[in-house]
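Welcome, and thanks for opening the viewer. Please load the model, switch to a cartoon view and follow the stops below.

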Amino acid sequence: MKKNYNEKVPEKKLTDAERIKKNSNYLRGTIIDDLNNEITNGFSGDNFSLIRFHGMYQQDDRDLRLERHEQKLEPRYAMMLRCRLPGGVIKAKKWLKIDHFASKYTLYGTIRLTNRQTFQFHGILKKKLKDAHKMLHDIGLDSLATANDVNRNVLCTSNPMESFIHQQAYEWAQKISSFLLPHTKAYAEIWLDQKKIVGTDKEPILGQTYLPRKFKTTVVIPPYNDVDLYANDMNFIVIAKNERIIGFNILIGGGLSFIHGNKNTWPFLATEVGYISVEKTLSVAKAIVTIQRDWGNRADRANAKTRYTINNFSLNSFKKEIEKRANIIFEPIRDYNFISRGDRFGWIKDINNNWSLTLFIQNGRIYDDKNKLLKSGLLRIANVHDGNFRITSNQNIIISEVSEEHKNKIEKIAVSHGLISKITNLRQNSMACVSFPTCPLAMAEGERMLSFFITQLEKIMLKYGLEKEIIILRVSGCPNGCGRSLLAEIGLIGKSIGRYNLYIGGNRIGSRIAKIYKENITEKEILIHLKYLIKIWSHERKKHEAFGDFVIRKNFVKEIINPIYDFWS
Ligand code: SRM
Ligand code: SF4
């Protein structure tokens with residue numbers, strides 16, 4: 001087996017992304033020159049891509065695109081900045097500054113919780129970027145490695161104070177995140193004005209051209225699969241004994257994106273490789289990441305993620321190479337079981353007799369308007385709260401380590417600001433990606449359509465006496481699948497404005513990919529189809545039979561066993 005497959009690929013066959021990384025001088029490019037260029041609000045050439053390694057995406061407001069074009073104005077360029085927050089935990093007192101950051105530096109004034117346990121800010125103008133980064137740094141945060149071809153924000157099962165194991169798992173998420181971070185000092189030099197020390201650049205794990213594609217990692221504590229591990233490249237499932245983590249089951253190669261009509265692209269669930277004892281964790285992480293670095297396809301970005309590498313080389317070869325590089329022998333997978341994926345809303349007590357309050361935030365969007373004061377509410381809670389805020393992989397937030405004494409006060413603030421309200425289980429289990437107006441790849445609406453869509457679906461559920469039932473419902477504005485729609489019981493994936501593919505048949509624990517039911521239909525048509533399916537479900541389901549299981553048992557769609565073949569057939 002070749003150690004580094006990419007060394008043999010002729011340079012002209014490599015993607016342009018590879019050239020950009022190679023010529024970037026460890027991710028510096030000419031970003032500083034662009035920052036000093038006052039003629040445009042955007043970054044040009046390679047820098048457009050390089051700033052992503054620093055956790056920012058250049059976007060423009062798509063609602064204004066046509067109007068500005070007609071006025072012969074540059075698109076309204078502004079950056080989206082994504083923070084790094086392994087495990088999603090942040091001190092409530094830091095939230096005060098996060099809130100201030102959003103008001104001071106962004107065009108929209110909102111904070112967006114993401115489904116990878118962090119938050120991002122939309123609409124930061126180029127001229128404010130350096131000050132913004134300095135403020136983040138002062139808060140003790142950064143946006144390093146939250147985008148592009150690196151290991152992204154590491155996820156960890158939420159609510160770490162529910163047992164001692166949660167705390168250890170969270171610490172592992174942090175350790176893995178730090179261990180796999182880029183070493184380049186480009187971020188500190190460009191954004192924080194730190195001095196360059198000549199000759200210090202090296203990337204012992206990621207290499208000079210970083211990874212072939214984005215890479216995603218989770219640490220998971222069964223029986224809760226709230227992180228949706230099956231969508232991730234590298235997963236550590238906790239195996240514990242007497243309140244101590246003794247090892248991890250390793251699963252690799254998950255991912256959900258595809259390209260409409262391109263049968264060489266497919267979603268895939270992370271697959272079991274074996275069990276390792278806990279002291280091997282970092283060497284196994286390093287082995288997996290470096291194999292993907294060396295074997296991942298750098299000639300075709302649509303075939304570059306770990307799942308394709310595994311398919312190109314075989315799972316067995318990948319496993320053997322991990323064993324070789326990490327100097328281990330995998331043991332057989334140890335028993336584990338998942339029972340749910342959703343967040344547990346409301347109050348629960350933790351191991352220290354403190355309380356945690358999980359709040360539902362529709363689509364993770366934190367804002368104030370005439371109906372709700374979510375941003376102000378969280379700010380007021382942060383003012384009185386000494387504990388943490390924990391962001392979940394379902395775009396919600398947990399106010400954790402609340403003392404008995406503060407419980408009532410926090411609840412009152414939450415209720416009066418619309419952070420606690422009566423909502424259906426259907427809504428609580430819904431999620432949409434950002435999509436319009438900021439996402440450049442959006443084909444159809446994501447978060448802006450979800451709330452209205454659910455209201456319609458709630459009427460249908462009520463009509464058939466199902467108002468208390470759960471259906472996991474997710475929307476993504478395009479087949480990149482950021483809303484993880486393909487792991488939903490009902491998943492919508494955008495095709496064009498107002499039109500979606502309708503997928504059904506995912507399961508409650510997120511271990512089955514949904515299958516296409518209807519292609520390229522309008523929201524109205526989707527509701528007609530769902531009304532029909534929900535009606536039959538209400539009459540013919542077995543006791544406690546979930547919607548996703550029902551539609552497969554009744555053959556509305558075929559179960560996807562091997563997505564490489566079944567997804568497109
Ligand atoms: Fe994503 C690209 C938003 C989770 C698969 N994703 C994007 C971009 C950055 C668009 C772009 O490249 O210009 C979106 C920015 C929209 C905006 O205006 O904010 C975007 N992705 C998001 C977020 C914010 C969705 C959300 O509503 O929470 C999530 C940020 C997570 C984070 O904090 O890091 C987000 N993206 C996901 C997930 C779900 C997950 O990771 O659990 C997926 C599917 C899982 C997977 O990776 O297979 C996902 N996003 C993609 C892809 C397809 C990648 C691929 O393998 O082909 C792209 C496009 C790309 O990378 O080329 C993408
Ligand atoms: Fe944008 Fe598509 Fe991701 Fe939605 S799924 S945020 S539209 S890239």
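Before we start, one definition: the domain bounds used on this tour come from an automatic or database domain assignment. Keep in mind too that this is a predicted model.

**Stop 1: the pocket between two domains**

Colour domain 2 (346–421) and domain 3 (427–566) separately. Both of them give residues to the lining of the second largest pocket, so this pocket lies between the two. Its volume is about 760 Å³. To centre your view, select Gln362, Asn363, Arg365, Tyr367 and Leu374, which lie nearest the centre of the pocket among its 32 lining residues.

Next, show strand 12 (355–359), helix 14 (425–428) and helix 15 (447–463); each supplies at least two residues of the lining. Which of the elements gives the most to this lining? That is helix 15, with four residues. If you colour the lining of the second largest pocket by class, you will find 14 nonpolar, twelve polar and six charged residues.

**Stop 2**

Now select Cys433, Cys439, Cys478 and Cys482, where an unreviewed UniProt entry places the feature "binding site". They are spread over 50 residues of sequence, yet they cluster in space, with a largest C-alpha distance of 11.0 Å.

Then bring up ligand 2 and show the residues around it: Cys433, Ser435, Cys439, Leu441, Ala442, Ser476, Gly477, Cys478, Asn480, Gly481 and Cys482. How many residues of this shell are charged? There are no charged residues; the shell around ligand 2 divides into six nonpolar and five polar.

**Stop 2**

**Stop 3: backbone details**

Most residues other than glycine have a negative phi, and most peptide bonds are trans. Here are some places to look for something else.

- Select Phe436 and Pro437: the peptide bond from the phenylalanine to the proline is cis, with omega near 5 degrees. Pro437 is in the loop between strand 16 (430–432) and helix 15.
- Move to Pro222 and Pro223, where the peptide bond joining them is also cis, with omega near 10 degrees. Pro223 lies in the loop between strand 7 (217–220) and strand 8 (234–241).
- Go on to Asp228, found in the loop between strand 7 and strand 8. The phi of Asp228 is near 55 degrees, a positive value in a residue other than glycine.

**Stop 4: an annotated span**

Finally, select residues 172–327, which the unreviewed UniProt entry annotates as "domain: Nitrite/sulphite reductase 4Fe-4S". This span is 32% helix and 18% strand, and its end C-alpha atoms lie 20 Å apart.

Key:
Residues numbered from 1 in each chain as written. Chains lettered and ligands numbered in written order. Predicted model: local features only at pLDDT ≥ 70, side-chain atom pairs only at ≥ 80, totals over all residues. Heavy atoms only, no water. 1 Å grid on protein atoms, 1.4 Å probe; cavity = no way out; pocket = protein on both sides within 12 Å on 5 of 7 lines; lining within 4 Å. Points joined across faces, edges and corners; volume = space filled by probe spheres on them. Nonpolar A, V, L, I, M, F, W, Y, C, P; charged D, E, K, R; others polar. Near = heavy atom within 4 Å. UniProt positions renumbered as here; feature names shortened; annotations may be inferred.
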